[in-house]
Amino acid sequence: MSDLSPDLARCAEALAQRRRDARVVARTGSTNDDARAWAQSGAPHGAVVIADTQERGRGRHGRAWSSPPGESLALSVVLRPRVAPTALPPIALVAGLAARSAVARRLSAPVAVKWPNDLLLDERGHLRKLAGVLVEGAIAGMRVDHVVVGIGINVARTEFPPELAHLATSLARAGATDLDRGSLALEVLDALDEELAAWTLAPETIGSRLRPHDAILGRAVLLEGDVRGIADGIDPDGRLRVRVDDELRRAHAGEVRLARVTTDDG
Ligand code: BTN
């Protein structure tokens, strides 16, 4: 553990004191892969993998997710929710709300959750991506064996490649002074426990919990076939409600995009 950066070394100690199953490493391929392998060999609910840097970090749709050493938080948690596989989609929002509450404490600008998996920051009228969530699950018959919730947060990063420069941001770029990834990880984990408990108790409230922080509520979106509508919040099953003229339609992730491109997810 000696090659760990000081902030993550302190985090590893704190997790050990809390008796949380945790693997905090300096370098890995992808924390989601590590968490999945650990889950397959029996990791309990709440087990967490954190890395200083990932060599093959990935996002949704097979995109690469870059985590340069010392500059971002890469964290994956094993969950064993007792829900049917069909009830899983809102988990990305549950994780997004948890990450939002941890980063929002460090920023004066509002942080919003963009359905289904992004955290966006308003930088002088431009919505830029601060963090992303990648949920991957294993289904065993009719039940969920485990879910891996991966969260990547741009922390100290100030330089992005040209193709991301106008789409991405970080806590440092947004003026945060507390860039300690260890305390951020602990706060994300605490918030995730709270959001999961609230969702488990009352899954139907996910829409109202998201509403005050919803990045696309009231915004123009395009459904398949370029049908234009207005985002109208989230259903308990995690689908986006879209008002098209007088009709309310419901869309899964991947079936809808913002009418004006503001992030790499469109
Ligand atoms: C996205 O925006 O498409 C999701 C990005 C998720 C990145 C995180 S970093 C920790 C975990 N490990 C990965 O390989 N991906 C997730």
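Lys129 is buried, with a relative accessible area of 9% (buried means under 20% relative accessible area, exposed over 50%, and partly exposed in between, for a 1.4 Å probe and protein chains only). Asp118 and Lys129 form a salt bridge in which the closest N and O atoms are 2.8 Å apart. The pair links distant parts of the chain, 11 residues apart, with Asp118 in strand β5 (residues 118–123) and Lys129 in strand β6 (residues 126–140).

The structure is a predicted model, in which local features need pLDDT of at least 70, side-chain atom pairs count only at pLDDT 80 or more, and totals for chains, interfaces and linings use all residues. Residues are numbered from 1 along each chain as its sequence is written, and side-chain values use heavy atoms, with hydrogens and water left out.

A salt bridge is a side-chain nitrogen of Lys or Arg within 4 Å of a carboxyl oxygen of Asp or Glu. By this rule, 25 salt bridges are counted. One of them joins Asp235 and Arg250, with the closest N and O atoms 2.3 Å apart. Asp235 counts as buried at 9% relative accessibility, whereas Arg250 is partly exposed at 37%. Both residues belong to a network of salt bridges that also links Asp232, Arg241 and Arg243.

A further salt bridge, at 3.5 Å from N to O, connects the side chains of Arg36 and Asp33. These residues lie 3 residues apart in helix α2 (residues 31–40), and are therefore separated by about one helical turn; helices (H or I, at least four residues) and strands (E, at least two) are DSSP runs, numbered from the N terminus. Arg36 is partly exposed, with a relative accessible area of 36%, and Asp33 is partly exposed at 25%.
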